[in-house]
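I am opening my notebook on this structure and will write down what I look up, one topic at a time.

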Amino acid sequence: MTEKLRMAIIGCGSIADHAHLSNYQNNDEVEIVALCDIDTKRFEYLKEKYAFLANAYTTTDYKDIANDESIDAVDICTPNYLHSIITIEMLNAGKHVLTEKPDAMTVAEVEEMKATAEKNGKVLMAMRNNRFIPATLHLKKMIENGECGEIYNARCAWVRRRGVPQPGSWFAKKAESGGGPLIDLGVHMIDLAMYLMGNPKPVSVTGTVFNKFNNNREYTFDVEDMATGYIKFDNGASLALEFSWESNIMSESRYVELRGTKAGAKIENDELNLYIERYGSMCDEQPHPRGRWGHDGAIRHFVDVIQNGADPIFVPQQGVDMIKILNAIYESAEIGKEVVL
């Protein structure tokens, strides 16, 4: 394909605005031809903010997008429970799909997404923006070059002292979100850790969830406010994890830490630190690849895969593994023992 990729945005809320459209405005390979949302007020706001949306048509029904044969691909930024429903509809309509995380709510849904993409020969990717931040790109090259040795253990966390997203919104309603900070924050850091570890296959999961700050809320809050877990992989490696919206800690922390036989590494708040032996002495090093979010890189990669046949960094099986892990953490917390995948 040599012409611009004709895309539609489905779901025009905050994430579409700040993380997606803000990057499409600088992408010369994409034309956003349609906006879809049930809240029509968002159309006027976005068109006033982004001049490149002036000619995009608007609709409140995503089926209009599916039926528009001129649209090549869609970017789904809806509440979580709609991700799989809309993805499957669009894939069957012959469109490539980029969806926000989490890929789906259940294993059955994400497996159907994968099968539908394969059946229709379409690209299916879920947003994994942290794979594209400078610190990740730098460390991934080091690992692939063998500079860290075997990565055999990792920890990841995103813990907030107080940080429930949009209190009263769908984020805290299990039927619409699927879960609390494990879903909202955990996908990012679990994926980043597993990506740097070489995407090993998870074989067992142990998890615990807590809801300790739910007193006196004036809105529905039926998800956890904290989750912890432990994942074992088929290559013998392991990953410990911790995520919270609310916990009595000193300050918010967000990191992935890797233990390798030649070097250790930690990406914390998008800054890379290395722990390595040089000339017989242990050294701490801090390369300076800075930058945040990574949505632009993820979007450009999605387009590159479609337009130029680039090898995809994310494949649907990784989405299947992710949803298996998330579901298993909740199951383990409920039954009180390890879940074998």
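My entries below go from the sheet to a helix and then to the aromatic rings.

**Ground rules.** I am working with a predicted model, in which local features need pLDDT of at least 70 and side-chain atom pairs count only at pLDDT 80 or more, while totals for chains, interfaces and linings use all residues. I number residues from 1 along each chain as its sequence is written, and the side-chain values use heavy atoms, with hydrogens and water left out.

**The sheet.** I looked up the strands, which, like the helices, are DSSP runs numbered from the N terminus (helices are H or I with at least four residues, strands E with at least two). I noted an open sheet of 6 strands in the order β3-β2-β1-β4-β5-β6, with parallel pairing; two strands pair if DSSP finds at least two bridges between them. Because β3 (57-59) and β6 stand at the edges with a single partner strand each, one side of each is left without a neighbour in the sheet. I then followed β4 and β5, which pair in the parallel sense over 4 bridges, and found V74 opposite V97 in β5.

**Helix α4.** How many of the 10 residues of helix α4 are buried? I found that 7 of the 10 residues (83-92) are, so the helix is largely enclosed by the rest of the structure. Here buried means under 20% relative accessible area, exposed over 50%, and partly exposed in between, with a 1.4 Å probe and protein chains only. The buried residues are H83, S84, I86, T87, I88, M90 and L91. Among the elements that cover them I listed β1 (5-10), β4 (73-76), β5 (96-99) and α5 (107-120). Just after α4, I saw that G94 takes a positive phi of about 85°.

**Aromatic rings.** I counted 3 aromatic pairs, using rings of Phe, Tyr and Trp (its six-membered ring) with centres within 6.5 Å, where planes under 30 degrees apart count as stacked, over 60 as edge-to-face and the rest as tilted. Y50 is buried at 3% relative accessible area, whereas F52 is partly exposed at 29%. The rings of W170 and F171 have centres 4.1 Å apart and planes at 20°, so that pair is stacked, and both residues are buried.

**Charges over rings.** I looked for NZ of Lys or CZ of Arg within 6 Å of a ring centre and within 35 degrees of the ring normal. The charged end of K174 sits over the ring of Y330, 4.5 Å from its centre, and R217 lies over the face of F221, at 3.8 Å from the ring centre.

Notes
Contact means heavy atoms within 4.5 Å.
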